[in-house]
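Take a look at the model below.

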Amino acid sequence: MKKNFDPATAIQNLEQFGEFGGVNPSITDSATFTFMTEEEMIKTFHGESEGCFLYSRHWNPSNRYLSEALAAMEGTELAWVTGSGMAAITTTLLQLVNSGDHIVTSVTTYGGTYAFLANYLKKFNIEVTFVNITDLESVEKAIRPNTKVLYTETMTNPMLQISNIPELAKITRTHGVKLVVDNTFTPMIFSPFKLGADIVVYSMTKFINGKNDAVAGAICASEEFINEISNVNDGTAMLLGPVLDPLRSSGILKNMATLHIRMQKHSENAMYMAKKFKELGLKFIYPGITEHPQHELMNQIMNKNFGYGGLIAIDLETAERAAPFMELMQQKGVGYHAVSLGYFKTLFSNSGKSTSSEVPEELQKEMGLSAGLVRFSVGLDHDIERSFNLVKESLEELHYI
Ligand SMILES: *Cc1c(COP(=O)(O)O)cnc(C)c1O
């Protein structure tokens with residue numbers, strides 16, 4: 001386990017220039033590319049030509065620059081950028097499994113991921129077992145001879161559990177299974193590949209881009225895997241076509257340069273909230289406090305100096321109590337009653353009714369997801385004290401405290 005990996009410096013050290021010496025890489029706004037010779041084109045189709053671009057569904061120079069930045073951040077050989085986080089997840093999984101195979105997954109994942117695993121993969125006769133990812137014994141027990149993938153999120157949505165990536169990687173290596181990790185909640189804070197994951201996926205819609213102006217995703221992996229997904233004959237990315245638009249890549253690349261500062265500020269503000277929530281005696285989840293069941297684990301495997309993340313959740317027990325609270329917070333200007341995360345404004349939503357609504361209510365209960373869980377993605381507020389006071393006022397006006 002490498003303790004001193006520094007994803008921020010890895011990005012800062014990149015030297016990517018534009019065609020005319022521009023400090024930002026030029027945007028390649030072309031779907032197709034010319035070849036000087038027929039021979040070169042044929043070689044490119046056979047994957048035998050270095051540095052040639054063929055068609056932008058396959059590779060595009062702007063996407064290549066963003067991929068290099070992502071690979072630098074994760075410590076992987078390469079990355080590939082997709083039109084959404086779901087595209088990154090589904091492309092990766094469909095590449096790794098065949099009909100008749102089996103996947104073991106954390107039961108708490110992003111709602112769309114849950115729905116894909118629970119409902120969609122049935123079409124292809126792919127079986128999925130849902131486990132409590134913090135219970136390593138049950139994870140290992142769930143693995144079968146036909147298991148191809150163990151899937152988890154480093155910090156799970158919305159329970160904010162921490163996956164023990166080094167221990168999970170030991171299990172997957174023993175059984176010849178690929179460990180796929182969604183690190184959307186915690187870019188820079190965790191480096192799952194460095195901790196033993198095989199493939200790291202992202203929704204870049206969230207913290208990585210951080211502007212809520214684009215939907216995008218990424219797959220960070222070995223060069224071999226990226227070549228497999230982009231193979232013209234049988235690559236899932238090449239054939240299903242989920243590629244990111246290069247104009248978007250260019251914007252996201254520039255936003256990555258400030259990601260470390262944003263992560264630090266999101267974490268600092270969320271930690272401020274956590275301390276205040278504790279003083280108020282609220283029931284809440286935040287991995288940065290000693291009471292969190294995986295706090296110690298997080299300390300052991302996190303990269304230092306980026307904090308414990310910007311996500312925090314208050315448990316108000318019922319959806320009926322959560323609803324007026326969120327409406328009042330929005331009226332008072334705490335932030336927006338909206339799904340998604342990683343924005344400069346604070347965003348909040350009731351997980352059970354929104355981003356986890358794909359998970360049946362019975363299962364929500366089973367995994368301990370309270371119907372009144374209000375998840376906050378704490379913003380980059382300069383005056384976080386004011387923001388907290390508005391949260392507190394909302395709780396007081398509703399007589400919750
Ligand atoms: C939002 C999200 C996704 C899906 O990403 P999109 O960009 O919306 O397709 C996947 N995983 C997590 C943890 C997310 O928060």
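This report covers the basis of the model, its nonpolar cores and its ligand.

## Basis

This is a predicted model: local features need pLDDT of at least 70, side-chain atom pairs count only at pLDDT 80 or more, and totals for chains, interfaces and linings use all residues. Residues are numbered from 1 along each chain as its sequence is written, and side-chain values use heavy atoms, without hydrogens and water.

## Nonpolar cores

A nonpolar core is a set of buried Ala, Val, Leu, Ile, Met, Phe, Trp, Tyr and Cys residues joined through side-chain atoms within 4.5 Å. Buried means under 20% relative accessible area (1.4 Å probe, protein chains only). The largest core has 91 residues, and L70, M204, F325 and F376 touch the most other members. Helix 11 (residues 259–280) gives the most to this core, with 7 residues. Helices are DSSP runs (H or I, at least four residues), numbered from the N terminus. Both domain 1 (7–256) and domain 2 (260–397) supply at least three residues to this core. Their bounds come from an automatic or database domain assignment.

F325 has contacts (heavy atoms within 4.5 Å). Beyond its neighbours within four places in sequence, its partners include I314, V374, F376 and Y400. A second, separate core has 25 residues, among them F116 and V149.

## The ligand

15 residues surround the ligand (a heavy atom within 4 Å). The closest are G85, D182, S203, T205 and K206. Helix 4 (residues 85–96) gives the most to this shell, with 3 residues.

Polar contacts are pairs of N or O atoms within 3.5 Å. A backbone N or O atom of G85 lies 2.8 Å from a ligand oxygen atom. A side-chain N or O atom of T205 lies 2.7 Å from an oxygen atom of the ligand. Taken alone, the ligand exposes 380 Å², and the protein buries 92% of that (Shrake-Rupley method, 1.4 Å probe).

Terms used
Buried means under 20% relative accessible area, exposed over 50%, partly exposed in between (1.4 Å probe, protein chains only). Helices (H or I, at least four residues) and strands (E, at least two) are DSSP runs, numbered from the N terminus. A polar contact is a pair of N or O atoms within 3.5 Å; within protein, one must be able to donate a hydrogen and the other to accept it, and residues adjacent in sequence count only if both atoms are side-chain atoms.
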